[in-house]
Amino acid sequence: MTDTDLKLERAKEMLRRAETRARNLSLPFDITLDDVVALCLDNCPVLGIPLDYSHWRSRKGQGRKGNVPCIDRQIPSLGYKKSNVWVISCAANASKGSHEFAGPDEVRAYVLTEKEVPAKWCRRK
């Protein structure tokens, strides 16, 4: 598979899961596959680590890898709206928790100074 194919497959999976979470949590949802694909960058906008689109399903007992991309709601209560979501690494998302931030710079500052991000998640390829 090409990198583009991997991003598309991962985007489909992230969109499906986000839609399910939105429905289960009664949150607004207006993002499309094109929106998610457009947000799929090569590097995490928070940590700067390369995102691994080839590994999206965790194997039994392994858990999720830190550099796997995931859709994140910048302000959780606003739901999955085009203006409120971005694709970041699972490491950044886990470190961010459910806090609300004004933008990527504020998230980056919080994650890199207030939280200890495991070194294994910050390894570059």
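Me: Hi! Where is Glu13 found?
Reply: Glu13 sits in helix 1; helices (H or I, at least four residues) and strands (E, at least two) are DSSP runs, numbered from the N terminus. This is a predicted model, where local features need pLDDT of at least 70, side-chain atom pairs count only at pLDDT 80 or more, and totals for chains, interfaces and linings use all residues. Residues are numbered from 1 along each chain as its sequence is written, and side-chain values use heavy atoms, with hydrogens and water left out.

Me: Is Glu13 buried or exposed?
Reply: Glu13 is buried, at a relative accessible area of 9%. Buried means under 20% relative accessible area, exposed over 50%, and partly exposed in between (1.4 Å probe, protein chains only).

Me: And which side chain does Glu13 have a polar contact with?
Reply: That would be Arg16, at 2.7 Å. A polar contact is a pair of N or O atoms within 3.5 Å; within protein, one must be able to donate a hydrogen and the other to accept it, and residues adjacent in sequence count only if both atoms are side-chain atoms.

Me: Switching to aromatics: how many aromatic pairs does a search of the whole structure find?
Reply: One. Phe29 and Tyr80 form a tilted pair, 6.2 Å centre to centre with 50° between the planes. Rings of Phe, Tyr and Trp (its six-membered ring) pair if their centres lie within 6.5 Å; planes under 30 degrees apart count as stacked, over 60 as edge-to-face and the rest as tilted.

Me: Which parts of the chain does the pair link?
Reply: Distant ones: Phe29 is in the loop between helix 1 (3–25) and helix 2 (33–39), Tyr80 in the loop between strand 1 and strand 2, 51 residues apart. Phe29 is partly exposed at 27% relative accessible area, while Tyr80 is buried at 1%.

Me: Nice. How many residues of strand 1 are buried?
Reply: Five of the five, residues 69–73. Pro69, Ile71 and Arg73 point one way, Cys70 and Asp72 the other.

Me: In what sense do strand 1 and strand 2 pair?
Reply: Antiparallel, over five bridges, with strand 2 covering residues 85–89. Two strands pair if DSSP finds at least two bridges between them. Cys70 has Ile88 as its bridge partner in strand 2.

Me: Last one: where is confidence lowest?
Reply: In helix 4 (residues 104–114), at a mean of 67, whereas helix 2 is highest at 96. That is pLDDT, the predictor's confidence in each residue, from 0 to 100. The chain's mean is 80, and 74% of its residues reach 70 or more.
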